[in-house]
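Welcome, and please have your viewer ready.

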Amino acid sequence: MESPVKSIRKAQKESLLLREIANLFNVIANEDPELKNLYINRVALSDNGGMAEVFFYSSLGREEFERVFERLKLYKPSLRKAIADRVPGRYTPDIRFRFDDQLKKLLAIEELIEQVKEQDARYAQNDDDSDTE
């Protein structure tokens, strides 16, 4: 099990990587219209710090990510070099690009919660109406 200090440091490094990679990717996406529909959601660093998985999301779905994946891979060396220059550390993690299914699932769950809230409100209103009769 990881010590609390180690997990905090890992979270801080992930946050720093997310910020830097997102900033760099925004510049790239502004110059390359093929990538304009991709957004970076999160970065997950491996336990040993040697691999950083960058999770992308597109409102157009996984198909859009897979369509531009080969183009995205062309930017991997320049992103890694920029990270090495901007993020302090002994080693620069290798980068792996992934599609983020979690956001889609989260949005679906939130939509279901909203539907349940609406149904509860309707049932509560119906109960109030039946009490006044």
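Counting pairs with a side-chain nitrogen of Lys or Arg within 4 Å of a carboxyl oxygen of Asp or Glu, this predicted model has 14 salt bridges. Let us visit some of them.

Zoom out to see the C-alpha trace span about 75 × 40 × 20 Å along its principal axes.

Next, select Lys73 and Glu70. Their closest N and O atoms are 3.4 Å apart, forming a salt bridge, and both residues belong to helix α2 (residues 62-73), about one turn from each other. Glu70 is exposed at 51% relative accessibility, while Lys73 is partly exposed at 37%.

Now pick Lys76 and Asp94, a salt bridge with closest N and O atoms 3.6 Å apart. Lys76 sits in helix α3 (residues 76-86) and Asp94 in strand β3 (residues 94-99), so this pair ties together parts that are 18 residues apart in sequence. Lys76 is partly exposed, at 27%, and Asp94 is partly exposed too, at 28%.

Stay on helix α3 and select Asp85 with Lys81, four residues apart. Their side chains meet at 3.0 Å, N to O, in a salt bridge; Asp85 is exposed, with a relative accessible area of 56%.

Finally, show Glu34, Glu64 and Arg67 together: salt bridges link these residues in a network.

Terms used:
Residues numbered from 1 in each chain as written. Predicted model: local features only at pLDDT ≥ 70, side-chain atom pairs only at ≥ 80, totals over all residues. Heavy atoms only, no water. Helix = DSSP H or I, 4+ residues; strand = E, 2+ residues; numbered from the N terminus. Buried < 20%, exposed > 50% of the residue type's maximum accessible area, 1.4 Å probe, protein only.
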